[in-house]
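Me: I am new to this structure and would like to learn how to read its features one at a time. Could you take me through them slowly, giving the general idea before each case?

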Amino acid sequence: MSVLGVQGKWKISVTLLSLLLVFAVMGGVSAQDQVHLRMTVWDTATTPYWQAVVDAYQAQNPNVTVELIDIASAEYQDVVNVMLSGGDDVDVITVKDIPGYSAMLTRGQIIPLNEYIEAADIDLSLYSGAAEELTYEDALYALPFRSDIWILYYNKAIFDAAGLPYPTNDMTWNEFDALARQLASGSGADRVYGAHFHVWRSTVQLPTVQDGENIVIAEDYSFMAPTYNMITSLQADQIIMDYGELKAGSIHYSGVFKNSQVAMLPMGSWFIGSLIAAQKAGEFDFSWGVARYPHPEGVEAGTTAGTLTSLAINTASANKDAAFNFIQFYSGVEGAQVLAALGNLPAIRTPEVLEVFAAVAGVPVEAQEALQTTTVRLELPMHPNVGAYEQILNQEHELIMTNSVTVEEGIAEINRRVAEEIGD
Amino acid sequence: MSSLSLNQTTASPGKRRSQLKKYAIAYSFILPNLIGFAIFTLIPMGFSLVLAFMNWDGANQISWAGFDNFSRLLRDETFRISLTNTLIFVAGNVPLTMVAALGLAMLLNQPLRGRNFFRTTFFFPYVASLVAVAVVWNMLFFPSAGPVNSLLSALGVQNPPRWSASVDWAMITVILASVWKGVGYYMIIYLAALQSIPTILYEAAAVDGANAWQKFRYVTLPMLTPATFFISVMLTIASFKVFDLIMVMTGGGPGRATNVLVVHIYNTAFKEFRFGYSSSIAMVLLFMVLAITVVQFYMEKRWVNYQ
């Protein structure tokens, strides 16, 4: 059985053991300087900036390695919730939206950053109000690094073919409605739709809170009726794609826009970066433009809704200081420049950063004006029960948009369920 | 039998030791599985049972809730809807899958050209990724231009159903997908059972002048009862637990049309962070499945025929 014999085996064992000891000692020494941070993110394959900012940081801080934990965008918050509830010690958590932020903060899963911010002497005014919106009971739990607003994308080729002028930066929803009806043409597989509303609840419900008089946490939702009426009627007339089909086919807004199936697309500014990348990759070759988000009658042009993407530190992290140093870079001017260079709107918008953004090849010339806003309203306000509200709003939105109930019935049902189900 | 037990009670110490050793070997074989089962199933189940009487948001202190969670169930409209939906799913999925599995097994038990190919083909959905299956089914049932509705239109159906995009058809769509996905596995069980029926019984029936239907009714079906019993128990339990297929195909929608109990458990736990309340729903599900299984085992004596 043995070729080596007992002595040979013994020698090998001793050699292996001493080698192991040497490695263990070396590992122990180098581990003291090396910091390994873990960070939760989504869709790394289609979102180039995650790794780009990490690379920029690692170039300056060779002793730190940052590992990205990639999670599918649609399940992001659920997965993070499960990780945190299970006691995972991941260091940096990307905060995708306000419900996630509010849930993690009220459950004590992310730490207040005020002491760190004071110690590092960070000027929060650079975030032009975003930091205030994230402040809860005098404490700030996350630093914003992206601040996206809703704008209107349009396909210039479709407008040119229809002989219609491009959307302006001062367009009401009623004008948008009329324009969409003029743009729709063709039938069957060649149908060109005047506009596109993605399946998210927000695509319909955001315009209803644009005037600032209402928010989506309410008791009476009848303020949503006019927008629902407009969009369901666009759907009934086949000016926009059918909600049920978008849902059943898991159809993404980027596909229909890139395929020239839709003329106008109200969407967040995050889409600029993906469109530029797709155009560069040769996925489509028409020229496109952006305009300000349409606004309700009587509301100032440039009023839009926005979302903040921010970075927080896990309460269970063992490397809080290193993690703060990293998120300070990510959300600071240097991180902002990397983000802007890839066609993303950073939360810090100094003139230098915006110059970097405008210089990116592929950013439409209209962007500079379209991205100027007068008022930005948060998509969802902070509220402890925001998750329960969202579920009701999502379910009833689905019923209205699939024509399972009328707009009035759907809204009456939201009112009834919010009154009955929330609060106990 | 009696002589064996007599031997055991009067066994010498040496014999007993060797017997213990035998048991030890046997236990050591099941131990790895038992440890895994305890850590990943038994302990979490026990925790969930306790949690059903508690309030917990997954992070802060756990507090005692008594029977609050259960009394809340009675007022919870989504729970009522989910319970009804679950029962509808079970009532549709179990008989349909069983009939389809038996039919396929009978068919593929015939001396058929390419029999093994078809057996593999029908088993294939069972091993296919569930997410892929769900997405493909949604494409097949795509309301306007999907293959199913194109076919229906070609056959002259005026307004074909809108399947998963419609409140009325979503549950049926999900059941059909589930039958297709599961039928291969149960078909294999039926096939094995069919092949173990002694041909002598069919010969005897033929001598008695039985026709094909009578052979099926009075020989095949009774001889298949152990398999049918096994399948009905496993399938019922699996149907009560349905989650993944529905989550991918409809997400419980439109509205709450396909919101089953496990989807509701998931939403209460991971969207609303009410782990205690969610555990109480899980307990209701557990006891319901348990009760139905007990009834099935009780009924077993009346109709299952072990030859």
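Reply: Let us begin with burial: a residue is called buried under 20% relative accessible area, exposed over 50%, and partly exposed in between, using a 1.4 Å probe and protein chains only. This is a predicted model, in which local features need pLDDT of at least 70 and side-chain atom pairs count only at pLDDT 80 or more, while totals for chains, interfaces and linings use all residues. Residues are numbered from 1 along each chain as its sequence is written, chains are lettered from A and ligands numbered from 1 in the order in which they are written, and side-chain values use heavy atoms, with hydrogens and water left out.

Me: Is B:R274 buried or partly exposed?

Reply: B:R274 counts as partly exposed because its relative accessibility is 26%, and B:E272, at 22%, is also called partly exposed. These two residues form a salt bridge, with their closest N and O atoms 2.9 Å apart; the term asks for a side-chain nitrogen of Lys or Arg within 4 Å of a carboxyl oxygen of Asp or Glu.

Me: Why can such side chains pair at all?

Reply: Side chains of opposite charge can pair when their charged atoms come close. Over all chains, the structure holds 19 salt bridges.

Me: Which parts of chain A does the salt bridge between A:E398 and A:K247 link?

Reply: The side chains of A:E398 and A:K247 meet at 3.3 Å, N to O. This pair links distant parts of the chain, since A:E398 lies in helix 18 (residues 386-401) and A:K247 in helix 11 (residues 243-248), 151 residues apart; helices here are DSSP runs of H or I with at least four residues, strands are runs of E with at least two, and both are numbered from the N terminus. A:E398 is buried because its relative accessibility is 10%, whereas A:K247, at 36%, is partly exposed.

Me: How should I read a buried residue such as B:S279?

Reply: With a relative accessible area of 6%, B:S279 is buried, and this residue sits in helix 13 (residues 275-303) of chain B. Leaving aside residues up to four places away in sequence, B:S279 touches B:S48, B:L51 and B:A52, where contact means heavy atoms within 4.5 Å.

Me: How many residues of each chain are in contact where chain B and chain A touch?

Reply: On chain B there are 28 residues in contact with 28 residues of chain A. The size of an interface is often given as the accessible area lost when the parts come together. Here the buried area (the accessible area, with a 1.4 Å probe, that two parts lose on being put together, summed over both) is about 2,300 Å², of which carbon and sulfur atoms give 45%. In chain B, the residues that lose the most area to chain A are B:F142, B:G255 and B:F273, together 19% of what that side buries.

Me: How many salt bridges cross the interface of chain B and chain A?

Reply: The rule finds four salt bridges across the interface. B:R162 and A:D242 form a salt bridge, their closest N and O atoms being 2.5 Å apart. A network of salt bridges also links residues of the two chains, including A:E396, A:E413, B:E77 and B:R256.
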